[in-house]
Amino acid sequence: IVRLGVGRGSFGCDKLMDNLREMMNEIQSVKPESFGKGKKGQKKVAKGTKYYLKAHLSCTQGKGSVLVDLRTLDPTSSFFMSDPL
């Protein structure tokens, strides 16, 4: 579970998107070679294994959150940081 701030509302859309893009690229760059259940290093990651399971976006003092399409957050996806329809 990763919970962190991306920026302030006063940053503007472009700056918030830049911060989010950098955050996701950094998470992807430190991804371990093996992850999931089991002992470290014992389990190889199968093709198609998901590293990102869910993503929600919320404001600090607001109610609820919005489920985010994972394809737009995964740096390995062709939909990375694109506007979903």
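Read along the sequence, the protein follows the pattern α-β-β, with 1 helix and 2 strands in total. Helices (H or I, at least four residues) and strands (E, at least two) are taken as DSSP runs, numbered from the N terminus. The model is a predicted one, in which local features need pLDDT of at least 70, side-chain atom pairs count only at pLDDT 80 or more, and totals for chains, interfaces and linings use all residues. Residues are numbered from 1 along each chain as its sequence is written, and side-chain values use heavy atoms, with hydrogens and water left out.

Of the 85 residues in the protein, 16% are buried (buried means under 20% relative accessible area, exposed over 50%, and partly exposed in between, with a 1.4 Å probe and protein chains only). Contacts are a second way to look at the fold, a contact being heavy atoms within 4.5 Å. Among contacts between residues at least 6 apart in sequence, 25% join residues at least 24 apart.

Within helix 1, the buried residues include L20, M23, M24, I27 and Q28. They lie on the same side of helix 1, because they cover an arc of only 135° around the axis, the arc being that of the directions from the helix axis to the C-beta atoms. D14, E22 and S29, on the other side of helix 1, are exposed.

Two of these helix residues can be followed to their partners. M23, in helix 1, touches L4 and V6 when residues up to four places away in sequence are not counted. The C-alpha atoms of M23 and V6 are separated by 7.9 Å, although the two are 17 residues apart along the chain. Q28, also found in helix 1, is buried, with a relative accessible area of 17%. Leaving aside neighbours within four places in sequence, Q28 is in contact with Y51, Y52, D74, P75 and T76.

Turning to side-chain pairings, the charged end of R71 sits over the ring of F79, 4.5 Å from its centre (this requires NZ of Lys or CZ of Arg within 6 Å of the ring centre and within 35 degrees of the ring normal). A search of the whole structure finds 0 disulfides, a disulfide being a pair of cysteine sulfur atoms within 2.5 Å. As for individual cysteines, C13 is exposed at 59% relative accessible area, and C59 is exposed at 51%.
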